[in-house]
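Here is a friendly walk through one protein model, written for someone who likes to check geometry. Please keep the viewer open as you read.

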Amino acid sequence: MTEKTVVLYPSLGVGHLNPMAQLAKAILRHGGVAVTIAVVDPPEKHAVLAAALARLAVVSPSITVHLLPIPPCASSNQHSHPIKPILDALRAANPALRAFLASRVPAVDALVVDMFCTDALDVAAELGIPAYFFYPSAAGDLAVYLQIPDLFRAVPPSPKDMGKAVLNFAGVPAVRALDMPDTMQDWESDVGSVRLRQLARMPEAAGVLVNSFEWLESRALKALRDGDCLPGRSTPKIYCVGPLVDGGDAEGNGERHACLEWMDGQPRQSVVFLCFGSLGAFPAAQLKETARGLERCGHRFLWAVRSREQSSREPDLEALLPDGFLERTRGRGLVLKNWAPQTQVLRHEAVGAFVTHCGWNSVLEAVMSGVPMICWPLYAEQRLNKVHVVEEMKLGVVMEGYEEETVTADEVEAKVRLVMESEEGKKLRERTAMAKEMAADAMKESGSSHVELGEFLRGLGSK
């Protein structure tokens, strides 16, 4: 039997490369399929991406990586949305992607593209290669996104002009307009119009692989599969293949981070962990409010601090945090500069709550670790993820005021106490413990996600 070949095509950014790499590993575990990840290689080298690719080569040598060189992309508006240069770069990569796919012998059986790589559908169609989307975020987000083109035609005002007005979508809780993703806030903007065109083309794919699992998002998945998100049109086949997250076994330089030794000395489920991703920087005023809330609540904490004012250098904690804070909380709290080994920390039994920006990778890591979330969304689709986590999954609570200029110290203290001390917090821990079990079950050999990925692979090459 001839080995099948799948090419995975992620968007720019480590947050999109890492889930695609986990998908590659899951495909290889099934056997009988060769996997290549085609990565756009822009002229402006990104150190973080380079480090991620180097790490991938070390921990997963069976995954082939092919770089797609692209010319410099001139931006027509230097003040445009930060995702616009990414969309421009992906469009510019089409010729290199076409040449790479056309040169493959044997021919590629499937091209699996990231949700931002819609222009690659044209390349796949030209070469006669079945194209699938890999959706690295929540199934609930996918349900909303598929319905957005119809919402745009029915509701002329952009979400940015609707404030707290409620938008209703099939398969998910009601969503306030202000909680819609950044790229969808203004229908008329450059990035908004591009994303609308991209979302309208998603049904062209042969199928969508979603980084979630049946138990976690059963209502959204049912709406997708029943065609409720694309009434009157054909919905691509939905394959639920998650949770696919980094195992965390090779974070950093491979040595055990010193913060984990500190965690070893803390009681079980006693530590509040605050970590907001690689772009989660705060102004100094917010850092001070957060510090005051942590000090008042009296609970142990591990906090990765990233400063907006000092984004290009290591943060000066003494200058950013209240006078004497580090000394007064010494022993009870530990503050890290910029980065923490998030996966390993979440898996540690000392963690009792996770204050998170609700990036989907972080949500899945919390689910797989059985840790309740205090949701503090910052950008992108994180506010939408917050809606699913709090209102649908019942795995977290909201840090009120996230949409305002500052979350107060009182709110930080109140939400930490709620999760760590109250009856509601106890129920959250019980439900997150159940979610952890269900996530593990989904990935077992007979689990729902393992079975659906196998179904996708068996269908490759069939006409």
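Which residue with a positive phi follows α15? Lys 394 follows α15, and its phi is positive, near 60°. Keep in mind that this is a predicted model.

Helix α15 covers residues 382-392 and is mostly covered, with nine of its eleven residues buried. The buried residues are Gln 382, Arg 383, Leu 384, Asn 385, Lys 386, Val 387, His 388, Val 389 and Val 390.

**Aromatic pairs**

A pair of aromatic rings is described by the distance of the centres and the angle of the planes. In this model the count comes to eleven aromatic pairs. Two of them are set out here.

| Pair | Centre to centre | Angle between planes | Arrangement |
|---|---|---|---|
| Tyr 132 and Phe 456 | 4.8 Å | 85° | edge-to-face |
| Phe 273 and Phe 354 | 5.4 Å | 15° | stacked |

Why is the pair of Phe 273 and Phe 354 stacked? Their planes are at 15° with the centres 5.4 Å apart, so the pair is stacked. This pair, too, links distant parts of the chain, with Phe 273 in strand β10 (residues 271-275) and Phe 354 in strand β13 (residues 351-356), 81 residues apart. Phe 273 and Phe 354 are both buried.

The ring of Tyr 239 has the charged end of Lys 237 sitting over it, 5.7 Å from the ring centre. Elsewhere, the charged end of Arg 195 sits over the ring of Tyr 145, 5.6 Å from its centre.

Strand β9 (residues 237-240) runs parallel to strand β8 (residues 207-210), and four bridges join them. Val 208 stands opposite Ile 238 in β9. Together with helix α8 (residues 218-225), β8 and β9 make a right-handed β-α-β unit.

Terms used. Residues numbered from 1 in each chain as written. Predicted model: local features only at pLDDT ≥ 70, side-chain atom pairs only at ≥ 80, totals over all residues. Heavy atoms only, no water. Phe/Tyr/Trp six-rings, centres within 6.5 Å; stacked < 30°, edge-to-face > 60°. Helix = DSSP H or I, 4+ residues; strand = E, 2+ residues; numbered from the N terminus. Buried < 20%, exposed > 50% of the residue type's maximum accessible area, 1.4 Å probe, protein only. Lys NZ or Arg CZ within 6 Å of the ring centre and 35° of its normal. Pairing = 2+ DSSP bridges. Right-handed = clockwise from strand over helix to strand, strands pointing away.
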